[in-house]
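Please look at the structure below and work through the questions that follow it. Each answer sets a value against a definition and then draws the conclusion.

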There are 2 protein chains.
Amino acid sequence: MLQTAVALAARDGIESLTMRKLADELGAGAMTLYYYVPNKDELLDGMVDIVFSEIALPTTDVDWRTAMRRRAISTREVLNRHRWAVGLMDSPATPGLASLRLHDAVLGCLREGGFSIELAIQAYSVQDAYIYGFALQEKNLPFESAEESAAVAEEQTREFAELADDRQMGALADEFPYLAEVVAGHVAKVGYDFAAAFEYGLDLILEALEKRRGTA
Amino acid sequence: MLQTAVALAARDGIESLTMRKLADELGAGAMTLYYYVPNKDELLDGMVDIVFSEIALPTTDVDWRTAMRRRAISTREVLNRHRWAVGLMDSPATPGLASLRLHDAVLGCLREGGFSIELAIQAYSVQDAYIYGFALQEKNLPFESAEESAAVAEEQTREFAELADDRQMGALADEFPYLAEVVAGHVAKVGYDFAAAFEYGLDLILEALEKRRGTA
DNA sequence: ACCGTACTCGTACGTTGTACGATGCCGCAA
DNA sequence: TTGCGGCATCGTACAACGTACGAGTACGGT
């Protein structure tokens, strides 16, 4: 049932995931669901834990940095596959089993990697904030794959220009010169590789953490 | 009207912000709202832009690092004041005026600070991912002020132990030793200062960015 | 006196989550 | 065989939601 719900969310979007639709998909009456789940929120919780279970656990057979790097990249992949889950992964109330397992593994990886408890918490916090924040940015992107990126970028640029016209603010560049510089001069030309951008920031953070390992 | 909507969201939570309730609060009929706003989503967009307008714009009279530091801290404050807005700030469709202004100011601050276009984009992305990700973590916290933190932490610990009992997994420490170490050994004892944790990670990122400024 | 425009709202419809109670099903004791 | 208690299913109903539709009021200009 949870699996079906996740599949439905992936297919039609989370906002159109309805108790009735899910029941239909399962060939059951709508109320049948409530025998297995007390309410829709708990259903969401269950779905979230499935997402957690898809994230690759960090292993201890490599150094902490590559382990953390892998799980970060895995997390981004999974969150990109289930964009609806971004923003629901952090309800501290009644965390699922997969969630607990992952948290424990990450913490273990950091502790065994030589971080003190305090530093491990900080390191975890920084990484997760970055990962989830990045996923949040990607969440509402108007495209799914990297290939569509360029096409959409062009359209964005055109809409941006129209916006400027709408407001009769004359040249867009006058009001928001730096924004114009980026939109017209760079993004539209080069496109944007989110995976690369993610790893750039990730490595930046991991390197900075490595330097703090041992202190405090 | 937007102001009232924001106030209502702050008071009763965003999920209970209803067209009818908002209209009542304004002493108007429900349908009156639709004269000023085409639908609820656009109302949300308007509310989000109000939130953007509360973020302090970075200035160019100080070095880029302190300017970015200030706007990051301001953003966290604002996002903490309007937790409902986290997760809605990044709809790239029809950004509001305040949003454009902020983006332009940040970009300008980085460009004038000596970042190339490519690096400025990366730097912006890393910072915002971290800021919004951190805000996301704070969003569903069961308490508002730092004072409640300690009390809730105790309760969390107790619930955690109960959870372990529920699942008959014997000692929690057996299954999730590192998690137990953190929950029992550190958080419950020291509590957790989110503002300090935020600034720790923020400075870590800013320092790493400074070192990359100039390259590429 | 007339009209266009700005604004307000009562009613109504479709969709949602879910409370309630009636079913059918099945293994087991009398 | 009969009955009974749990497990599992679902039809109906209701309140709350977003909002389409169209009628209402007020008013400034002609």
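Q: Why is S53(B) called partly exposed?
A: The model is a predicted one, in which local features need pLDDT of at least 70, side-chain atom pairs count only at pLDDT 80 or more, and totals for chains, interfaces and linings use all residues. Residues are numbered from 1 along each chain as its sequence is written, while chains are lettered from A and ligands numbered from 1 in the order in which they are written. A residue is buried if 20 or more other C-beta atoms, placed from the backbone, lie within 10 Å of its own, exposed if 12 or fewer, and partly exposed in between. S53(B) has 15 other C-beta atoms within 10 Å, so S53(B) is partly exposed. This residue lies in helix α4 (residues 40–54) of chain B, where helices (H or I, at least four residues) and strands (E, at least two) are DSSP runs, numbered from the N terminus.

Q: What makes L22(B) count as buried?
A: L22(B) has 22 C-beta neighbours inside 10 Å, and therefore counts as buried. L22(B) lies in helix α2 (residues 19–25) of chain B and, leaving aside residues up to four places away in sequence, touches T4(B), A5(B), L8(B), L17(B) and L33(B). To touch, or to be in contact, is to have C-beta atoms, placed from the backbone, that lie within 7 Å.

Q: Is D174(B) buried or exposed, and how do you know?
A: D174(B) has 10 other C-beta atoms within 10 Å, so D174(B) is exposed. Its place is in helix α9 (residues 172–175) of chain B, and its C-alpha is 40 Å from that of T75(B), a residue 99 positions away in sequence.

Q: What makes L88(B) partly exposed, and which residues does L88(B) touch?
A: With 17 other C-beta atoms within 10 Å, L88(B) is partly exposed. L88(B) lies in the loop between α5 (64–81) and α6 of chain B, and touches L44(B) and V48(B) when residues up to four places away in sequence are not counted. L88(B) and V48(B) are 40 residues apart in sequence, and their C-alpha atoms are 7.0 Å apart in space.

Q: How do you know that the two copies are related as by a two-fold rotation axis?
A: Two copies of a chain are related by a rotation about an axis and a shift along it. The copies are superposed by least squares on the C-alpha atoms of residues with pLDDT of at least 70 in both. Chain B can be laid on chain A with an RMSD of 0.0 Å by a turn of 180 degrees and a shift of 0.0 Å along the axis, and the two copies are therefore related as by a two-fold rotation axis. In chain B, the C-alpha of G133(B) is the nearest to this axis, at 1.8 Å.

Q: Why are α11(A) and α7(B) called roughly perpendicular?
A: Axes are lines fitted to C-alpha atoms, for helices over the stretch in contact, and angles run from 0 to 180 degrees between N-to-C directions. Angles under 35 degrees count as roughly parallel, over 145 as roughly antiparallel, 65 to 115 as roughly perpendicular and the rest as oblique. The axes of helix α11 (residues 194–212) of chain A and α7(B) come within 10 Å and cross at roughly 70 degrees, and α11(A) and α7(B) are therefore roughly perpendicular to each other. The contact involves A197(A), Y200(A), G201(A) and L204(A) of α11(A), together with Q122(B), S125(B), V126(B) and A129(B) of α7(B).

Methods: Two residues are in contact if their C-beta atoms, placed from the backbone, lie within 7 Å.
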